[in-house]
Structures are given as C-alpha cells and as structure tokens.
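Subject: Structure handover

Hello,

Here is the structure we talked about. Please open it first, then read my notes below.

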Amino acid sequence: MSAAALAVRPTRSRQFAGTGILLRFALRRDRVMIPVWVAVNALMVLSMPNTLEGLYGTPAERADLVAQMAGNSSLRAMVGPVLGDSLGALTAWRAGVYAGALAAVAGLLVVVRHTRDEEESGRQELVASGMVGRRASLTAALLAAAVANGVLALLVTAGLAGRGAAGALAFGLGIGGVGMVFATTAAIMAQLTESARLARGLTAAVLGAAFVLRAAGDSVTDDGSSPLTWASPLGWLTNLRAFAGERWWVLGLFAGAVLAQGAVAYALAGRRDLGMSFLPSRPGPAAGRLGSAGALAWRLQRGGVLGWSTGFLLAGLVYGGMAKGAAELVGDNEGAREIFRRMGGQSGLTDAFLAAMAGMLGLVAALFIVASVLRLHGEETSGRAEPVLAGAVGRLRWAAGHLAVAFGGAVVLMLLAGAGLALGHGERAGAVLGACLVQVPAVWVVGGVAVLLYGLLPRAATAAWGVAGAALLIGWVGPALDVPRAVLDLSPFGHLPKLPGGGMEWPPVLVLTALAAALVAAGLAGLRRRDMTT
C-alpha cells in the first residue's frame, strides 16, 4: 500500500470523529420534540384499524367504499386511492399520506436544527474547535433523524402486525422511508442556504410540491399508476401497496433517494467553510423599512407567513370542493356520520364536514404560531437579539414585533382558509368564514403557552411543540376513538362552538381570548425580568 493511501485513510476516518457524542447530544436536546412527533404519528396510524372496523365492519361495506372512492377524484387527491378492501389496506389508505408527511416534517426539523441552526448560532464553531470531524455534525443529525424514523417504523410495524405481518412491515418501512428522504433533502438545503429558516422553508416547499404531484396524479387514476404519483415520495408510499400485494422493490426507491441525496449533502459539506453557504443571503437595507423592531420582525418572518398563507388558501379550496363529495361518500354509514358530528357538531353532514375541516386547519395554524413565537428564542440564543437590544429598543418592544407577526399571522391564515373553503364550496361564504375565524382564540392560547414558556423557562421553550402536538393529537384522533369528553376538553379547541350549522357561543370564545392574553402578559413579564441567554 502506498504512503499516500496510508495518509488518506486516517484523514477520512477523522472526518467523522465525535459523531457518537454529537448523536447523544442531539437526542438529548430533542428528548421532547422527537417523542412527541413519533407518538402523534404512531397513535394516528394505530388508531385507524379499530376506527375503520367500526365504520366499515363488513366486507360488503368495505367493497362499497372502494367502489365509491374509485369514482371520487377529489377525495383521492386528498388521501390517495384505495388499493384493497382489508382493514390493513384501508388503514394504509386513510393514514398513509399524512403519516408520511408528518414523518417528513419531523425529519427536516431534526436535521436543520442540528446542522444549519448550530452554525447560525455560533455553537458549531466551538464544537468544531475540538476533536470533532468535519462531517460529524451532519452525520449525527442524519442519524438522529434515522432514530426517530426507525422508532416510528418499529411502532407501526408492531402495532399493525395483527393485520398482516408483511403489510405492517412494508407500511412501517415506507413511512420511515419518506421521513428519511426529506431528512436528506433538508441536509442538502442546510448546505445551500445561509439560514436555518430558509433551509426549513425550502425543504417544506419540496414537501408541498411532492404532495401536489401526488394529489394531481391520484385525482387522475384510481390505482396510483400516474407518472405524477410516481414522481413524489408520497406517491411511492402509495405504490408500495402495503396490505394489498406489497411491491418490495419500491423500498429501493427510498433507499436510492436517501443515498443519492446524502452523498450530495456530504459532498457540499466538504466544499464550503463553516458558516458559509452556496446561496448567500442578499444584504438588506439598514434603514427605511427596517427602521423599527416591528419592521425587522416582519422582514425576518415574512417568507414563512407568505408560505403558510399560500398553503392555507390552497387547503381551503381543496377541502371546500370536497364537502359535497364527502357527504356522498359517507352516505348512510352511521358510524362515519357520528365521527363527523363529533368533530363538526350535530348539524347536517356537509356543515359538519366543513366545521371539521375548519377545526383541522385551526390545529395546523397552532403549529405556525408556535414556530413564529419561538423565532424569539432563536434570535436570542443565536446572539442576533443582543445588538438590537443594545440600542434604543426595549425587550418588550422587540418581542412585540415578533408576537404581532405570530398572532396577527394566525388571523390571516384562518381568514385565507375561510376564503378558500367558501370559494371551494361555493355557498354561505359568511358562515364558512366565521367557522374559521372562531378557531383563532384557541390558536392564540397555544401561542400564549409558547410565550409563557419562552419568557419564564427559555430552556424549555421548545416544549411548546409538545403542547401543539398534544392538541393536534386530541383533535385529530380523539373524535375517531370516541375518547371521553374530559380528554377532549384538555385542548382549547374542544371548547369552541361548532360552526357552520351550530349556534354561536360567545362565553368560551371570550374566555379563551382572555386566557391567551393572560399567558402572553405573564410570558412578557418573565422576559422583562430574566437574564438574556446566549
């Protein structure tokens, strides 16, 4: 062996030095976020078989569902085609797209948090000054995402094994595969961009494009065979055909995408300096529109607000157009009707569906407000808040700019969602818009909890994701499982009036609004009195 080869070998091995320690550190930092995301996703999937068995308990009812879905392109665009009439196949149909999307979101959050976020805050520079390899941080981030997706795949496989071991394994691996595909996509974006916010936004845009491609393909064909469906990783999960004659070779698509994207991320990481990027940010003006703390907050968060706004408008259009189709699909199935009534009230089925969709969009808006509020935490821990506060800007004024974007943005999102629902449905625009706006106080309560945690316990601020995840889990899975009312009441969304169709009840709306204001006030009081961290 040549001397050059001997010299290269230890150099390559040193590039991964410290990976194990960084992995343990990453898992410790995410000891709240990862379990919450995994639990929400796993419980959503594992609750489906019993729910579907209660709705479609006989082979004839399941066969009728398959036949109706074959002719309902709008619902196929939302949840994908039904490829079999067993309870396992129906579970893969009903939960597959959304379980894959949740796994993708968790993967991108974990990877960006432990790569670009660390560089942006300056902590990576301190870590790199020790005996840590050049690619150790990226490897640890991807391994942390692999741990999260591996646990999720294991839980899904074990929980559904009774419905068919082969199908359960394929479905679990498929969901985990989607998560890892977008984890490696996030790894590439973390090398290309100069900010964690932009890396998350671009990866989320890729995920949105994957959803749109799958939806467009599935609306055209009822068996997942459209080229548009095959162009999306979410479509690969459909075409894996879990519980419906598994296509094991489709797993090779996931593996190939993960390996190819991982190789690109490693190559890019080896060609740039720490803190640099291939797509540097454009310098902005130091005066004019950025002459106030509020203008700076808007500049920092406007991309996220615009992206979320577009998504809510499109989601509203899709769900509004599906309202009549959903009523036709449910037909005389009393079990399905009862679930919609629990989610959307005791009015007519179309009104109950619209109310349920408005509630679901409100739950998703809670994720936006948490992310927007926690931007304060990111600005503080990265050291960027310090030079702002060193000038003639007080803490409350600085925080108020970001909170105005967060809480005002939540109102805008629900307004756009209501407009989309009204346009898609084509009837009773005022009632549909009111159904979305009535969700705002509950969204504000979740945001208030995030402000409280940030102001009083900044190290535990990320636990706000757990609060939003718990509300999502209760609102999404609770009605399907017919959980006790006491459990539903743990979520602020459980106290809202069910509109349209139901009567408007002002007391709970006013109480939730007052509670949100009290939480924000307490959080700001804590921020004013505590030391700033770096």
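Which residues lie nearest the centre of the second largest cavity? They are Pro 81, Ala 92, Trp 93, Leu 237 and Thr 238. Keep in mind that this is a predicted model.

**The cavity**

The structure holds five cavities of 30 Å³ or more. I looked at the second largest cavity. About 170 Å³ of space lies in it. Its lining has 17 residues. Two elements each give two or more residues to that lining: α7 and α14 (233–239). The largest share comes from α7, with five residues. By class, the lining of this cavity has 12 nonpolar, four polar and one charged residues.

**Helix α7 and its partner**

Helix α7 covers residues 87–113, and helix α12 covers residues 196–220. Their axes come within 10 Å and cross at roughly 165 degrees. Angles over 145 degrees count as roughly antiparallel. The two helices are therefore roughly antiparallel to each other. Their crossing is right-handed.

Which residues meet there? From α7 come Val 97, Tyr 98, Ala 101, Ala 104, Val 105, Leu 108, Leu 109 and Val 112. From α12 come Ala 196, Ala 199, Arg 200, Thr 203, Ala 204, Leu 207, Phe 211 and Arg 214. By class, this contact has 13 nonpolar, one polar and two charged residues.

Next, find helix α21 (residues 395–425) and helix α23 (residues 440–456). Their axes come within 10 Å and cross at roughly 155 degrees. That makes α21 roughly antiparallel to α23. The crossing is right-handed here too. On α21, the contact is made by Trp 398, Leu 403, Phe 407, Ala 410, Val 411 and Met 414. On α23, the residues in contact include Val 440, Trp 444, Gly 447, Gly 448 and Tyr 454. The contact of α21 with α23 has 11 nonpolar, two polar and no charged residues.

Last, turn to the second largest pocket. Its volume is about 310 Å³. It is lined by 16 residues. The closest to its centre are Glu 119, Gln 124, Arg 134, Arg 272 and Leu 274. Both α9 (123–128) and α10 (136–160) supply at least two residues of the lining. Which helix gives the most? That is α10, with three residues. The lining of this pocket divides into six nonpolar, five polar and five charged residues.

Best wishes

Methods. Residues numbered from 1 in each chain as written. Predicted model: local features only at pLDDT ≥ 70, side-chain atom pairs only at ≥ 80, totals over all residues. Heavy atoms only, no water. 1 Å grid on protein atoms, 1.4 Å probe; cavity = no way out; pocket = protein on both sides within 12 Å on 5 of 7 lines; lining within 4 Å. Points joined across faces, edges and corners; volume = space filled by probe spheres on them. Helix = DSSP H or I, 4+ residues; strand = E, 2+ residues; numbered from the N terminus. Nonpolar A, V, L, I, M, F, W, Y, C, P; charged D, E, K, R; others polar. Axes fitted to C-alpha atoms, helices over the stretch in contact; angles between N-to-C directions. Parallel < 35°, antiparallel > 145°, perpendicular 65-115°, else oblique. Left-handed = near helix turned anticlockwise from the far one by under 90°. Contact = heavy atoms within 4.5 Å.
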